[in-house]
Amino acid sequence: MLILSLLTGWLLWQRDWPAVLLSAAATGLLWARRDTDSTVQAPLAAPPSLDAGVRRMATAVIPAWARQLSAIQSTTQNGAQELLASFSSLLELQDQLEKMLARQATREELQALSRDMQTLSEQAMHGLQFGDRLAQMADILRLDTEQFLARMPSMADVTDNSAQDWLNALEARFTTEEQRQFHHGQPAAPKADKVDFF
């Protein structure tokens, strides 16, 4: 998946639009196939050698991590779909432009097409941001797992309050509303249509 994402970025830079669409479609198909190939498994019981504090923390924190992985998957799928739709529309406008130039379109027609291309380009730029969002989301999760492993030896006497404090600290590091919603097991809200560059 990472390789396809990198390939898509390189193809965007090369402005090879048909290959971008093919790469984005392949990424989406791989995600869909991964979802259908995965089987639902019962949660694993903690090994008996772990003390109660570590089990308490793992029972509270690991499901939150799983929900964040779902948020990452959702962001990936939505971003790929948004990119695919934007570039597909841009290709259609490119075809219109070629036809307009061939028939010597009026200035007003070309200006209207230019405005449409500007709007779609902004949508495509917004779609490209999903890579940044994914990197941020994955980094937060990676750092939290590293912190968990580092603190495991001192978790022998943690309480339910300690687990909740951990979850609150994790949530405080989130950068998107989608992460917060998944953290609380809520469905993601519909996305806004405006472009937010960061």
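E109 is partly exposed, at 29% relative accessibility; buried here means under 20% relative accessible area, exposed over 50%, and partly exposed in between, with a 1.4 Å probe and protein chains only. E109 makes a salt bridge to R103, with the closest N and O atoms 3.1 Å apart. By salt bridge I mean a side-chain nitrogen of Lys or Arg within 4 Å of a carboxyl oxygen of Asp or Glu.

Before going on, what we are looking at is a predicted model, where local features need pLDDT of at least 70, side-chain atom pairs count only at pLDDT 80 or more, and totals for chains, interfaces and linings use all residues. Residues are numbered from 1 along each chain as its sequence is written, and side-chain values use heavy atoms, with hydrogens and water left out.

The structure has six salt bridges. Another one joins R142 and E146, at 2.9 Å from N to O. These two are four residues apart in helix α5, so about one helical turn separates them. Helices are DSSP runs of H or I with at least four residues, strands are runs of E with at least two, and both are numbered from the N terminus. R142 is partly exposed at 39%, and E146 is partly exposed at 42%. D139 joins R142 and E146 in a network of salt bridges.

Then there is D144 with R173, at 2.4 Å from N to O. D144 sits in helix α5 and R173 in the loop between α6 and α7 (177-183), so this pair ties together parts 29 residues apart in sequence. Which of the two is buried, and which is partly exposed? D144 is buried, at 0% relative accessible area, while R173 is partly exposed at 32%.

D144 is also in contact with V61, and contact means heavy atoms within 4.5 Å. Leaving aside neighbours within four places in sequence, V61 also contacts F148, W166 and L167.

That brings us to the largest nonpolar core, which has 31 residues. A nonpolar core is a set of buried Ala, Val, Leu, Ile, Met, Phe, Trp, Tyr and Cys residues joined through side-chain atoms within 4.5 Å. M57, V61, W65, F148, M155, W166 and L170 touch the most other members. Two or more residues come from each of α3 (52-102), α4 (107-128), α5 (130-151) and α6 (160-172), and α3 gives the most, with 13.

Overall, the protein chain has seven helices and zero strands. Buried residues make up 32% of its 198 residues.
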